[in-house]
Amino acid sequence: MLEIVTYGNEILNQKAQGVTDFGPEVSTLVAEMLEAMRIGKGIGLAAPQVASALRVFVTHVEEDKPRVFINPEIVLTSQEEIEFEEGCLSLPGLYLSLKRPESVRIQAWNEKGKPFSIEASGILARVMLHEYDHLEGVLFIDRLSPARRERALAHYRRLLRM
Ligand code: NI
């Protein structure tokens, strides 16, 4: 069972590396990530959150199937941005509203090495953008102004002590 890495672990700040071999190691990683996401009751999970520096993330939002994104590329984002509340399994208990593009198109490969493209809006777009950021070493708190980021971290530290 994969353990979820939390804030403070350096791997969360590092850019992940592209997958070059769609072999059993990647299938195993994907299967374990889907399981960790399910157990953690998350709607998305990126490989750095399970201490793997590969460009892989998974999503499972309500009324959608579980999805696997390997070597994802953002092809397009809408100019329109919306405020939406986000959480992250690596900062458990912290929920923040922030602005991101309303819709996104991502091109990626699935765990069988098959390329696909998906355009999403609403919550799925939000999760895809949040998880993609993890592959760039960016956390949702890093999207806040420095002052708001400090307040969010202070709140998170209080939550940890509770
Ligand atoms: Ni996250």
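This report walks through the fold, cores and some individual residues of a predicted protein model.

## How to read the model

Because the model is predicted, local features are described where pLDDT is at least 70 and side-chain atom pairs count only at pLDDT 80 or more, while totals for chains, interfaces and linings use all residues. Residues are numbered from 1 along each chain as its sequence is written, and side-chain values use heavy atoms, with hydrogens and water left out.

## The overall fold

Let's start with the whole protein. It has three helices and seven strands; here helices (H or I, at least four residues) and strands (E, at least two) are DSSP runs, numbered from the N terminus. Along the sequence, these elements follow the pattern α-β-β-β-β-β-β-β-α-α. The radius of gyration of the protein (taken over C-alpha atoms) is 15 Å, close to the 15 Å that the globule rule gives for 162 residues, so the protein is as compact as a globular protein of that length. The globule rule itself is 2.2 Å times the number of residues to the power 0.38. The C-alpha atoms fill a box of roughly 40 × 35 × 30 Å along the principal axes.

Buried residues make up 43% of the 162 residues. Buried means under 20% relative accessible area, exposed means over 50%, and partly exposed lies in between (1.4 Å probe, protein chains only). The protein exposes about 8,800 Å², with carbon and sulfur atoms supplying 50% of that area; accessible areas come from the Shrake-Rupley method with a 1.4 Å probe, and for residues only the protein chains shown count as cover.

In soluble globular proteins, nonpolar side chains tend to be buried together. A nonpolar core is a set of buried Ala, Val, Leu, Ile, Met, Phe, Trp, Tyr and Cys residues joined through side-chain atoms within 4.5 Å. Which residues touch the most other members of the largest core? Of its 17 residues, they are F57, F69, V104, I106, L124 and M128. Two or more residues each come from β6 (103–109), β7 (115–121) and α2 (122–135), and α2 gives the largest share, seven residues.

A second, separate core has 15 residues, including I11, L94, F140 and Y156. Back to M128: apart from residues up to four places away in sequence, M128 touches F57, T59, F69, V104, I106, I118 and A120.

Strands β6 and β7 run antiparallel and are joined by seven bridges; two strands pair if DSSP finds at least two bridges between them. In this pair, S103 stands opposite S121 in β7. The hairpin has five residues between its strands, and G113 takes a positive phi near 85 degrees there.

## Charged residues inside

Are R55, R126 and D133 buried or exposed? R55, in the loop between β1 and β2 (56–59), is buried at 9% relative accessibility. Its side chain reaches the backbone oxygen of L135 at 3.2 Å. Beyond its neighbours within four places in sequence, R55 is in contact with several residues, among them K15, F69, N71, Y132 and E136.

Helix α2 holds both R126 and D133. R126 is buried, with a relative accessible area of 4%, and D133 is buried too, at 6%. Leaving out residues up to four places away in sequence, R126 touches I82, E83, F84, E86, L98, K99 and R100, whereas D133 is in contact with R100, V138 and R143. R126 and I74 lie 52 residues apart in sequence and 13 Å apart in space, C-alpha to C-alpha.

Most residues other than glycine have a negative phi. K41 has a positive phi, near 55 degrees, and N71 has one near 50 degrees.

Where are these two residues found? K41 is in the loop between α1 (24–39) and β1 (44–46), while N71 is in strand β3 (residues 67–77). K41 is exposed, with a relative accessible area of 75%, whereas N71 is buried, with 15%.

Note on methods. Contact means heavy atoms within 4.5 Å. A polar contact is a pair of N or O atoms within 3.5 Å; within protein, one must be able to donate a hydrogen and the other to accept it, and residues adjacent in sequence count only if both atoms are side-chain atoms.
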